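Colleague: I am new to this structure and would like to learn how to read it. Could we go through it together?

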Amino acid sequence: MPHQAHLSFTTRPRATLDITADVAAALRASGIRAGLVNVFVQHTSCSLLITENADPDVRRDLETLFARLAPDGDPAYRHDLEGDDDMAAHARSVLSGASLTIPVGDGRLLLGTWQGVFLWEHRTASHARRVVVTVMG
């Protein structure tokens with residue numbers, strides 16, 4: 001039987017938030033020992049990623065890379081209803097993704113040693129964000 005948890009977070013501007021422990025807690029609450037966890041963010045201007053959990057420079061460098069790929073205020077953008085960062089945030093979300101699937105074994109997330117699950121805010125202001133965790137096993 002699938003198990004679902006709804007999580008809420010407040011982000012910092014253009015920053016990553018480690019949500020690994022929250023996802024692991026949802027998995028533990030499910031009682032499922034083997035299967036898959038799907039993590040889905042219900043927004044179009046932030047994303048989810050699995051990346052380095054030890055050195056925060058990796059995440060800062062990803063922000064630098066994405067600033068080059070999807071710069072704020074590009075005059076070619078039409079969508080700017082919520083400011084110069086509006087379309088850039090949507091583009092960054094599309095490039096990095098709104099969902100993740102993680103294998104489960106022995107009741108735990110089968111992440112690598114240096115992997116963590118992060119919510120990545122692409123807007124230049126803090127936001128309340130909702131994440132759905134679905135455990136299937």
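Colleague: How many cavities of 30 Å³ or more does a search of the whole structure find?

Modeller: Rolling a probe the size of a water molecule over the atoms shows where empty space is left. On a 1 Å grid over the protein atoms alone, a cavity is a set of points where a 1.4 Å probe fits but cannot get out. The search of the whole structure finds 1 cavity of 30 Å³ or more, and the largest cavity has a volume of about 30 Å³, a volume being the space filled by probe spheres set on the points, with grid points joined across faces, edges and corners. This is a predicted model, in which local features need pLDDT of at least 70 and side-chain atom pairs count only at pLDDT 80 or more, while totals for chains, interfaces and linings use all residues. Residues are numbered from 1 along each chain as its sequence is written, and side-chain values use heavy atoms, leaving out hydrogens and water.

Colleague: Which residues line the largest cavity?

Modeller: Lining residues have an atom within 4 Å of a point; here they are Thr10, Thr11, Arg12, Ala15, Thr16, Leu17, Leu119 and Glu121. S2 and S7 each supply at least two residues of this lining, strands being DSSP runs (E, at least two residues) numbered from the N terminus.

Colleague: How do S2 and S7 pair?

Modeller: Two strands pair if DSSP finds at least two bridges between them. S2 and S7 (residues 115–121) pair in the antiparallel sense over 3 bridges, and Thr16 has Trp120 in S7 as its bridge partner.

Colleague: What is the order of the strands in the open sheet?

Modeller: The order of its 3 strands is S2-S7-S4, with antiparallel pairing. S2 (16–18) and S4 (46–52) stand at the edges with a single partner strand each, so one side of each is left without a neighbour in the sheet.

How values were computed: Helices (H or I, at least four residues) and strands (E, at least two) are DSSP runs, numbered from the N terminus. On a 1 Å grid over the protein atoms alone, a cavity is a set of points where a 1.4 Å probe fits but cannot get out, and a pocket is an open set with protein on both sides within 12 Å along at least five of seven lines; lining residues have an atom within 4 Å of a point.
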